[in-house]
Amino acid sequence: MHTAVRRVSASKSSKKSSTQTTISRFFTNASDRAQPTEQINCQDRRHEGRGKKRLSDGGASTDKRAKLSVSVEQERDEELTVTPSTLGKTVSSKVSISHATLTRLKDFSCPGSSDSVMELEPSHSGKAEISASQQHNVIMHNEMVEEFKEEPIKVKQEFSFSQYAKNTGNRKSLEEPSVSNRRTKTIYTPLEEQYMEIKKQHVDTVLCVECGYKYRFFGEDAEIAAKELNITCHLDHNFMTASIPTHRLFVHVRRLVSQGYKVGVVKQTETTAIKASSANKSSLFSRQLHALYTKSTLVGEDVNPLLKLGDLEQAEDVVQDSGNNYLMCVSESFDKQSKELTVGMVVVQPSIGDVMVDCFKDNMSHSELESRILRIQPVEILVPSDLSETTERLLRNIALSSVQADDRIRIEKRESAMFEYPTALSIIKDFYRGGPHSAARNHEKGSYSICMGLESPIICCLGPVIQYLTEFKLEKILLCSSSFKRLSSDPDHMLLSAATMKNLEILCNQTTGSVKGSLLWVLDHTQTLFGKRLLRKWVSQPLKSVIDIQARQEAVAEILSSESSVLPSIQSLLTRLPDLERGLCSIYHKRCSTQEFYLIISSLSRLNVELQALMPAIQSQLSSPLLKTLLLDTPQLLSPAHNFLKVLNEKAAKTGNKTEMFVDLTDFPVIRKTKEEIESVLLDIMEHRREVRLLLKNPSLDYTTVSGQQITKGNLEKKSNYKPKLPFNDNQHYAC
């Protein structure tokens with residue numbers, strides 16, 4: 001009896017330890033098999049008293065205590081090697097245990113299902129005791145087997161990283177309630193909180209966050225950037241992060257966009273000078289989304305900067321781009337009565353200003369839609385979320401036809417409600433009759449009436465396109481609806497079928513889907529980007545008129561065989577031009593830099609002057625009517641460019657100084673008024689400098705520039721408690 005009590009206390013101490021708990025020693029032992037277990041029918045209080053009396057007996061020798069400690073250690077070693085097979089042998093021995101002992105052993109049972117729990121009733125007969133003990137042994141055996149099987153899984157879960165992210169309900173039910181671990185509480189930095197706030201509004205966008213002299217990526221965006229840009233990604237605080245230098249932003253943005261990602265540039269809205277003089281100078285810089293870019297919306301100085309600021313005569317100063325960046329929007333409607341499929345289409349190229357619309361009947365194989373996609377070759381397609389399975393399969397096959405990922409079409413799905421006629425009509429009405437472009441709409445009063453004359457499938461596409469381009473601030477390209485072109489009803493050009501485009505390999509080969517090896521690749525020897533785009537249109541849209549074909553052939557023959565000295569001079573002049581189409585659209589969208597603005601204006605002015613000088617030779621030496629018309633009419637169209645160039649300051653334009661950009665402000669009253677206000681502020685700054693010189697008794701104190709950064713806290717504030725006013729120009733500093 002006392003031996004059982006000691007084993008109960010030893011089992012309690014072993015349960016608190018880190019070793020695996022087992023109860024097999026309560027049923028099997030070498031000494032227990034030799035002697036029958038005593039029947040205890042007394043109360044728990046008497047049982048505890050006898051146990052204490054025996055444990056407190058001082059007659060026990062030290063040898064027995066030493067043997068007891070050794071046996072306990074042996075039992076613990078045996079517990080670590082318990083297997084299900086040994087458990088079956090151990091529990092199989094028939095032992096009679098009293099109800100009081102079984103009640104105490106309940107505390108050592110493992111958590112199991114409700115089916116494995118059995119309520120023990122007090123028994124009076126020996127048979128009942130034996131049957132109850134046998135049933136209890138079987139239950140304990142089953143629970144120990146389950147515990148042995150589940151223990152490795154539990155240990156594995158305890159060392160899993162998932163405990164730092166989220167706890168499952170099963171683990172919560174098994175574990176005892178305890179104080180929450182600090183490691184499970186995520187504390188975000190102010191920059192991370194700012195990033196998370198912007199990311200919630202643009203979940204599908206890879207964000208580049210401006211942080212001083214570099215742009216940083218966070219979380220999944222950092223992993224994407226590390227994969228696509230081949231840069232390092234590491235853990236910083238709570239997010240994975242990667243960074244790129246500021247001056248290489250346009251390179252990395254283009255690489256991410258070419259892989260089909262939507263990229264957002266988040267810039268600081270505060271300068272160092274403004275931050276240092278504000279009340280919250282110790283807080284985080286305010287940031288907001290500056291621009292969004294996809295394959296069809298690469299417009300802006302972030303993606304088209306000048307590589308060199310020295311010689312503006314070189315066309316390489318403007319970063320070159322691919323030939324076509326068309327955005328196509330497709331909507332379809334099926335008439336159940338006539339069983340006809342009607343497809344509406346709007347095609348926009350915001351970078352050069354092309355806008356095309358079309359509405360046509362199509363068959364179930366969508367051959368008409370396929371021919372227009374292969375002819376235009378868009379880089380991005382806008383479709384509703386409930387697009388039919390056949391159309392979606394066709395677009396997917398066309399998008400995956402190219403082997404290279406950067407040549408594949410990006411498919412953007414929008415809510416199907418935006419493609420419904422009432423919703424699209426409401427968007428068009430708000431865009432052309434009200435909004436921030438009222439001044440521009442005064443010149444295009446008939447735009448709304450022209451749009452109302454379009455077919456309903458086209459209107460269902462035009463509304464989502466307006467909303468989509470508004471996100472990128474490029475919706476102004478749709479204001480001039482009178483310039484919309486029709487694809488299918490063009491009387492001057494042929495419409496090639498999809499089979500013809502594929503079999504003749506006109507724009508791309510059938511092996512890899514690239515331009516190399518196609519008819520366009522063989523014919524293309526152009527020197528400028530706008531020339532490449534024009535040749536692409538000519539190849540994909542052949543002329544119908546015999547007179548126009550002959551006029552073009554005569555012009556090409558004269559360029560190749562003429563011995564006139566005019567054509568080489570014109571060719572040398574035109575090959576040095578930058579991408580005029582893209583540059584003019586960048587100015588129109590107000591997304592160009594001062595360097596690009598001056599480059600475009602100076603190139604147009606130079607072209608005007610040199611063509612006027614060559615006009616006598618053109619009239620006398622050229623015989624092609626088409627060449628004469630083009631070269632003689634161009635100087636008259638470019639005459640306003642010289643007037644714009646006269647009011648520009650070349651030095652200020654090259655250095656990006658917008659305050660000194662214009663020399664003559666006669667035709668710019670708003671700029672003149674703003675510049676007068678700037679002069680007034682500068683006079684106040686000079687007066688403030690005089691006061692500070694007198695206060696510090698330092699007549700040499702002056703403003704200066706230090707590494708292009710504003711410094712508002714320096715020796716001046718250390719020498720006195722006087723806080724200087726903030727200079728107007730961010731490039732001025734205090735120097736002591």
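This is a predicted model: local features need pLDDT of at least 70, side-chain atom pairs count only at pLDDT 80 or more; totals for chains, interfaces and linings use all residues.
Aspartate 335 stands opposite glutamate 340, which sits in strand 8.

Strand 7 and strand 8 run antiparallel, joined by nine bridges. Four residues lie between these strands, and lysine 339 in this hairpin takes a positive phi near 55°. Further along the pairing, leucine 327 has valine 348 of strand 8 as its bridge partner. Keep valine 348 in mind. We will meet it again.

Now the other side of strand 8. Strand 8 and strand 9 also pair antiparallel, over nine bridges. Valine 343 has phenylalanine 360 as its bridge partner in strand 9. Here too we have a hairpin with four residues between the strands. Glycine 353, in that turn, has a positive phi of about 95°.

Is strand 8 enclosed or open to the outside? Nine of its ten residues are buried, so the rest of the structure largely encloses strand 8.

Next, packing. The largest nonpolar core holds 33 residues. Val346, Val348, Tyr432, Leu462, Ile466, Leu469 and Leu478 have the most contacts inside this core. Where do its residues come from? Strands 7, 8 and 9 each supply at least two, and so do helix 15 (421–433), helix 17 (447–452) and helix 18 (456–471). Helix 18 gives the most, with eight residues. A separate core of 21 residues lies apart from this one, with Met345, Phe360, Ile381 and Leu487 among its members.

Leaving out residues up to four places away in sequence, leucine 469 touches Thr297, Leu327, Val348, Pro350, Leu474, Glu475, Ile477 and Leu478. There is valine 348 again, together with leucine 327, its bridge partner.

On to charges. Side chains of opposite charge can pair when their charged atoms come close. The count here is 26 salt bridges.

Pair one: glutamate 370 and lysine 502, with the closest N and O atoms 2.5 Å apart. This pair links distant parts of the chain, 132 residues apart. Glutamate 370 is in helix 13, residues 367–376, and lysine 502 is in helix 19, residues 498–503. Buried or exposed? Glutamate 370 counts as buried, at 14% relative accessibility. Lysine 502 counts as partly exposed, at 39%.

Pair two: glutamate 392 and arginine 396, closest N and O atoms 3.9 Å apart. Why about one helical turn between them? Because they are four residues apart in helix 14, residues 389–399. Glutamate 392 is partly exposed, with a relative accessible area of 26%. Arginine 396 is partly exposed as well, with 39%.

Lysine 675 belongs to helix 30, residues 669–696, while glutamate 660 lies in the loop between helix 29 (650–655) and helix 30. They are 15 residues apart. Glutamate 660 counts as partly exposed, at 34% relative accessibility.

And the network. Asp204, Lys262, Glu380, Arg410, Glu412, Arg414 and Glu471 are joined into one, through salt bridges that share partners.

Out to the surface. Val515, Leu519, Trp521, Val522 and Leu523 make up a nonpolar patch there. Together they have about 440 Å² of accessible area. Tryptophan 521 is in helix 20, residues 519–523. Tryptophan 521 is partly exposed, with a relative accessible area of 46%.

Last, the totals. The chain has 31 helices and 14 strands. Of its 736 residues, 40% count as buried. Its accessible surface comes to about 42200 Å², with 54% of that belonging to carbon and sulfur atoms. For contacts with a separation of 6 or more, 65% come from residues 24 or more positions apart.

How values were computed
Residues are numbered from 1 along each chain as its sequence is written. Side-chain values use heavy atoms; hydrogens and water are left out. Patches are made of residues with over 30% relative accessible area and no salt bridge: like charges are joined within 9 Å, nonpolar side chains (Val, Leu, Ile, Met, Phe, Trp, Tyr) within 5 Å. Accessible areas come from the Shrake-Rupley method with a 1.4 Å probe; for residues, only the protein chains shown count as cover. A salt bridge is a side-chain nitrogen of Lys or Arg within 4 Å of a carboxyl oxygen of Asp or Glu. Buried means under 20% relative accessible area, exposed over 50%, partly exposed in between (1.4 Å probe, protein chains only). A nonpolar core is a set of buried Ala, Val, Leu, Ile, Met, Phe, Trp, Tyr and Cys residues joined through side-chain atoms within 4.5 Å. Contact means heavy atoms within 4.5 Å. Two strands pair if DSSP finds at least two bridges between them.
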